[in-house]
Amino acid sequence: MTKITNICCIGAGYVGGPTMAVIAQKCPEITVNVVDINEQRIADWNDENMDNLPIYEPGLKEVVEEARGRNLFFSTEIDKCIDEAQMIFISVNTPTKTYGKGKGMAADLKYIELCTRQIARVSKDDKIVIEKSTLPVRTAQVVRSILDNIGSDVNFHILSNPEFLAEGTAIDDLHNADRMLIGGDTSTDEGRAAMEALVDVYAHWLPKDRLLKTNVWSSELSKLTANAFLAQRISSINALSALCEKTEADIDEVARAIGSDSRIGPKFLKSSVGFGGSCFQKDILNLVYICRSQGLQEVADYWEQVIIINDYQKRRFAENIINKLYNTVSGKKIAFMGWAFKKDTNDTRETAAMYVASHLLDDRAEIHVYDPKVKPEQVYSDLIYLTESQYHDITEEQIRELVHVHSDPYEAANNAHAVAVLTEWDEFTTYDWKKLFKGMIKPAFIFDGRNILDHTELKNLGWNVYAIGKGN
Ligand code: NAD
Ligand code: UGA
């Protein structure tokens, strides 16, 4: 196998950007071109001011600073970069379908198909094509069918190399990946050689025993399975948080008790207002869809329950706010601490905050949002998107009238009836909660959707405190 000196990645998003930046950082002899059809996104990746990169991730700007212009390039010249590359990563979005067959469940593979056809059209010499996006099991068959039927004698080797990074910790996850999964055709010399070429790239910084080789289908399915298992743990603990609230058991104590069992382990047992993010829901819906398509009704129903509990948790949190505020929030001011789907990211896709807000807006609450990284227009576009995609009893004009975004948390909470913590940003634990209390309308309520605050101290200051999985 020839040594890899040129890589192209199609898709400069949350995965393509950081992943390729780290490959370029760790492999200075490989030229890495990250391409995208979104011109603004590429311009932002090329911005002189590192604070304007399109993605906020701790440690990302340092990596980009080191490699950009040396061997890392962001470009809209997709054909040229495909042509020059020996190895092409496909890292485009694979959202849930919003139309036609499989609407609301299946993964929309149109972007995958479009760039596969582009690779087929442009390539003049042999290429290794790598599925980096999260895909339904057996998608490689579709990719192969398109690539193998272009009527040229170019050879394509298809690998599956799903990404397991989590946002907010992406750079650390890439530098110290638990494992890197490489699925390929283990039955032929060419297939094994293509896998080894990718192993060589990651072996620049990862120990070889963390580079797991499997067949393509196992690799594709393992990605969906990993996300399903992680989300299942959150829904399991969240389901039990509801029981804790009825029985005065404390969900954090229960999590600590069960997490100390080395067979269960402590991670992903933090109860919350519900998981968000672009992938858990989409990937489980996709898994459910695949199971149903294969006639596996019971398996599909089993995994669907993870989503049902997550929706229940978000709704339960919003309804609790309404109930505790004397059964109506109409005209009342609710301060939202946090909008991102988790801390240390500016990503708001599927954030629990927007579902809670939308529920409260249906009851005509006034929402005052503070988030350290999310831009105001993002908050409005999330809510408007939700109104358009689902039935909600509210118009865009009403959203703009009722929702306010602040750059100061104390201002957001001034004259509010309640504070709701939606994201677990560390800075929230450092606030002067006595000062915040002073500015509130009394009785002052706080709903801790992340269980990050000191509830005893808040109660001593006079707050009415409600938290996930804590009886009162
Ligand atoms: P994203 O929306 O941030 O980025 C995808 C990019 O692909 C966009 O910039 C889009 O313009 C571009 N694109 C789409 N079609 C294109 C085409 N034909 N040519 C060139 N560019 C094109 O998405 P993301 O969050 O980076 O996710 C990408 C994939 O990785 C998804 O399958 C997702 O499930 C998976 N994934 C995401 C994460 C995560 O943390 N976000 C983690 C692991 C896996
Ligand atoms: C998740 C997985 O962790 C990654 O391995 C995977 O690559 C990625 O999805 C993907 O495929 O996109 P991500 O969604 O970025 O990563 O972030 P997580 O840390 O998994 O958090 C997801 C959601 O679950 C967040 O809303 C978070 O607040 C919530 N969560 C997480 C909890 O409510 N409790 C927990 O204990 C952990």
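How exposed is Asp-252, in terms of relative accessibility? In this predicted model, Asp-252 counts as partly exposed, at 22% relative accessibility. The value lies just outside the buried class, because buried means under 20% relative accessible area.

Salt bridges number 26 in the structure. One of them joins the side chains of Asp-252 and Lys-470, with an N to O distance of 2.8 Å. Asp-252 belongs to helix H10 (residues 251–259), whereas Lys-470 falls in the segment after strand S14 (464–467), so the contact ties together parts that are 218 residues apart in sequence. Lys-470 has a relative accessibility of 16% and therefore counts as buried.

A second salt bridge is formed between the side chains of Asp-189 and Arg-192, at 2.6 Å from N to O. Here both partners lie in helix H8 (residues 189–202), with a spacing of three residues, about one turn of the helix. Asp-189 is exposed, at 57% relative accessibility, and Arg-192 is partly exposed, its relative accessible area being 37%.

A further salt bridge pairs Asp-347 with Arg-349, and the closest N and O atoms of this pair are 3.1 Å apart. The two residues fall into separate accessibility classes: Asp-347 is buried, with a relative accessibility of 3%, while Arg-349 is partly exposed, at 38%. Elsewhere, salt bridges with shared partners join Asp-250, Asp-252, Lys-270 and Lys-470 into one network.

Conventions: Residues are numbered from 1 along each chain as its sequence is written. Chains are lettered from A and ligands numbered from 1 in the order in which they are written. This is a predicted model: local features need pLDDT of at least 70, side-chain atom pairs count only at pLDDT 80 or more; totals for chains, interfaces and linings use all residues. Side-chain values use heavy atoms; hydrogens and water are left out. A salt bridge is a side-chain nitrogen of Lys or Arg within 4 Å of a carboxyl oxygen of Asp or Glu. Helices (H or I, at least four residues) and strands (E, at least two) are DSSP runs, numbered from the N terminus. Buried means under 20% relative accessible area, exposed over 50%, partly exposed in between (1.4 Å probe, protein chains only).
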